[in-house]
Amino acid sequence: MPVKLIRTDHDQEERVKLILRDDTKFASVKIAFFQYLSVAVFLFLVSGFWQLQVQNQEYYIDRAARNRIRSQPILAPRGKILDRDSRVIVDNHSSFSLILARENLKTEHLKSICEGLDIDCDDLRERLRRFDRTRAKYESIVIKDELTPGELAFVEAHRGQDTFPEMELIHAQRRLYPRNGFASHVIGYTGEVSDPELNTTEFARFRQGDIIGKAGIERQYNDILMGVDGQRRVIVDNRGRVHKVIDKKEASSGRNLNLTIDLDLQAVAELAMENRRGAVIALDPRSGEILAMVSRPSYDPNKFAGRIRSKDWNEIRDNPDNPLLNRAIQAQLAPGSTFKPFIAMAALDSGAIDDSFTVHCGGGASFYGRYFKCHAAKGHGSVDLHKGIVHSCDVFFYNLGNRTSIDKIAQWAETAGFGQRTGIDLPGEVEGIVPSTRWKIRNYRQKWYAGETISVAIGQGALTVTPLQLAHATGGLAMGGVWYRPHLVRDPSHQTPPRRVKIDLAHAASVIDGLYGVVNEGGTAARSRLPGIEFCGKTGSAQRVSNEFMKAHRQKNPLTEEDFKDNAWFVGFAPRQDPEIVVVALYESGEHGPEAAPIVRDVIKSYFDKKSRTTPATVVAAVPLRQQPFPPPQR
Amino acid sequence: MEIFLNRYRNLTVLLVVLVAQLLLLAFQVKSNGDVRLIRVWAVTGVMPLARVVEAVRANTTGFFSEYLVLLDVKEENKRLKSSLGSLKMENQFLKTELATADRARALAAFQSRSPSRTIAARIIGTGTGANSKVVFLDRGSNAGVGKGMAVVTPDGIVGKVISSYPSASQVILITDPTFAAGVISQKSRVHGTLKGQGHSICLIEYIQNEEQVAVGEWFYTSGDDRVFPKGLPVGQVKIARSGKMFFKEVFLVPSGLQQGLEEVLVVLEGVHQTIPDSPETPQTLHLLPAPPPDPNAAGQHGVLSGNLSTDADQMLEKYKRTGAAQGHVFGQAGNKPPNFNLPPDSGSVQPPDGKAAVPANPPLR
């Protein structure tokens, strides 16, 4: 009989217990797993929170700010540049500038924007790259100033969300320069600071995109003229639309600057140099104040007022006449016969000649085996110092040079201020060359030959001067040995004490007497006489190339002979006693000195005409600065 | 009394009848009537009933007889109305066709005369925004229409394409607040920027207060915006007045939207034209002949710097005129030195007070 297993209640209970025990174990494992998972997720979230809120808080705050805050520049107007009578030479005017919001910028838009606004795209890309290195992404960049009505129409038509949302217009004050290059070399121009400039100590404190003075007064007095830009921070939406202005720092404008320039004289000098190459300098020898300064050809600084177009820049840069060169302070040229008064002073002061010294001019003379011609082929006959200056006899001055050593000539020339910067408050002045034995050894490691002095005696050879140096030197000579530093800003703090040199006033009087004769006694500038004005002066014609070179070149290419014509010079001052104005004119390729004399004559005439019409109260008093009066002429 | 009447009711009735008879006889004698009273009474009593019966009869017979007649009239009326409606519709259709033909001819004429390459398109829908002035054209990228292309009619510019799809394109109209285009005035060749205002009048911005713009003057596209070819009519000035800041407030009625919009031309390749010299007259079928080239159209100066000058410019001009008045050539040998104290334009006349002449136009300070 099979055994029948009977499940007892006990078994059943055990079984149930077992089952219940297993289920509990299983559930507890799962619960533990989910607990650990929850803790892990929580830790992960906490670490993320830590990273976002604590560890990189600044970074994310900055990024969030960039997404909604946009910084827009408020450009500060520069100070005005005024003449000595506070008449406006350089002004500011309202204009529109285009800025690019770089955070919205799509590079594929650049080509179309450049095309529409006539911007050099490569140049713009390069600027953006430079900007990216130094400026935060949310800072906008000005890409074009002085928008024309047409460019404004383009910007307005395309700056919507559908086309180029990165384009924004701002209202700014821009430079307004005189037209036609009027006084452009004095004023200079402004422009965006470049990478090489940022690496100089002068401009190291500026940032990419800043507008600075690049040349002339704009550069020299940049700190005074330049204001401080302001800034406007705005909240924009994701489409770049301004919703709120957060804060606004107003721009502070630069200070006005009064120059010593007299617009009346400047205008006449500009007109006299129209269609000519060269320079004109007018200065007051009693103070060193520059009354007029012209250099031609010139350029239009208005083209630089915003950002000059590559086409315009290339046009100026590639111009063979180099319009950016300020010939008044940067042209180093042989002065020709305008240097003769200083040769005479060197000869007289060194005792090489005395007042009674005469020579015979037969149209030329031989020195050291070489024949030197006089400009008057028939000769001047018997020539003394006075006649030698009045008629600019080369033979007379060959003899003076031959009797005076080159070092004595150099010494007097340096006393007069040649061969060194005058110290005018303009950047880029050059020194010129005053040759001497030491100079030749230092530069060529050769000894000086006496024959070379013959050329220097008529202002040729290695001797080079700038028009400003000639005006400065002549003014000091006419003042009896008082040289003021030429300067352009009419501010007493910029004036330095004069350099006084004790010279023999009798010798100076003899020379000045000759200079008076040049204009008033049938001399080389007799046609430029000014009735009623004691106008003294000296003509000069300076060869630009040697006769041999000219002869060789004429055979090769006669068409360019015009380029090698002599430079015409004239230096004049008035009145003879206590001069108030000295004017130098350099007329490149003018061929003959008398061609430059009318330029000086017109400027001096305008000076005395203006003086006669101004009220006594405003006339600058003629202060007798000369050490003592010139003695009367000996003749 | 009541009891008495009830008791002698028959007698009472008889008496009443007799009395009434007597009274009626007396009334008939008194009134001298030809018709006997009984007839009068009969007629009077019957007439209302007869009238009702007659009315019912008449109405009934009339209704039936007239209904049958009216049925025809109504049908005829209906037919006539239907005919009239058809004729009206036909008339309207023909008018529309005529206008369409006119516009088509105008478009065709414009297309043939315009040096720009264009394609005709029909407006098939409008936008939904409250202020937006957006329409859809039935031509899209398959037909060469692309984003940024100009949309015009012979009357003037209409808008520009802002989106292009294969078979349709979206056009923003000249009146949309986000629309802008470069324009130039016909007479004084003043450049400005036209902007939509969300209604039928547009605003022209960036015209300096010193510039001359007259009411009624026509404006044309300047081509500056690189969207619209130069020389297309834009509209006529309705209001021109000086603004508070630098710029005039010039409002213009766009001519391109005046005749309604159904067919337009999309400029596929624009060619700039010159601005007509004579005033534009509203027309749809022909265009004015091409005028001579305009030498004054180019505006190279900044929008606010065109005519500005400094004292230096004034001074140069003054001395130039002084020299010219005295026949003096500056810096020229053999020339008599001039008297710079003479007024610039009066030859040899000395100024009475000996002072320098004041420039005609005061310089900017």
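1. Start in the middle of things: the largest nonpolar core has 137 residues, and I89(A), V280(A), I281(A), A282(A), V583(A) and V603(A) touch the most other members. A nonpolar core here is a set of buried Ala, Val, Leu, Ile, Met, Phe, Trp, Tyr and Cys residues joined through C-beta atoms within 7 Å. Buried is a matter of counting: 20 or more other C-beta atoms within 10 Å of a residue's own make it buried, 12 or fewer make it exposed, and anything in between is partly exposed, with C-beta atoms placed from the backbone.

2. Take V583(A) as a way in. Setting aside neighbours within four places in sequence, V583(A) is in contact with V280(A), I281(A), A282(A), G572(A), V600(A), V603(A) and I604(A). Contact means that the C-beta atoms of two residues, placed from the backbone, lie within 7 Å. Another core lies apart from the largest one; it has 66 residues, including L117(A), A157(A), V151(B) and A180(B).

3. A word on what you are looking at. This is a predicted model, in which local features need pLDDT of at least 70 and side-chain atom pairs count only at pLDDT 80 or more, while totals for chains, interfaces and linings use all residues. Residues are numbered from 1 along each chain as its sequence is written, and chains are lettered from A and ligands numbered from 1 in the order in which they are written.

4. Now the two chains. Chain A has 23 helices and 21 strands, whereas chain B comes to four helices and twelve strands. Both kinds of element are DSSP runs numbered from the N terminus: helices are H or I with at least four residues, strands are E with at least two. Of the 635 residues in chain A, 46% are buried; for the 365 residues in chain B the figure is 31%. Looking at contacts between residues at least 6 apart in sequence, 56% of those in chain B join residues at least 24 apart. In chain A, residues 24 or more positions apart account for 74% of the contacts with a separation of 6 or more.

5. Where do the chains meet? The contact takes 51 residues from chain A and 51 residues from chain B. On the side of chain A that touches chain B, the elements giving two or more residues are strand 3 (88-100), helix 5 (149-158), strand 5 (167-176), helix 10 (263-272) and helix 23 (597-613). Helix 23 of chain A gives the most, with nine residues. By class, this side of chain A has 24 nonpolar, ten polar and 17 charged residues. For the classes, Ala, Val, Leu, Ile, Met, Phe, Trp, Tyr, Cys and Pro count as nonpolar, Asp, Glu, Lys and Arg as charged, and the others, Gly among them, as polar.

6. Helix 14 (residues 340-350) packs with helix 21 (residues 505-520) of chain A at an angle of about 150°, their axes 10 Å apart.

7. Most residues other than glycine have a negative phi, and most peptide bonds are trans. The bond from R296(A) to P297(A) is cis, with omega near 0°, and the bond from A574(A) to P575(A) is cis with omega near -15°. N322(A), not a glycine, has a positive phi of about 50° and counts as partly exposed, with 15 C-beta neighbours inside 10 Å. S392(A) has a positive phi near 55° and is buried, with 28 other C-beta atoms within 10 Å.

Notes
Axes are lines fitted to C-alpha atoms, for helices over the stretch in contact, and angles run from 0 to 180 degrees between N-to-C directions.
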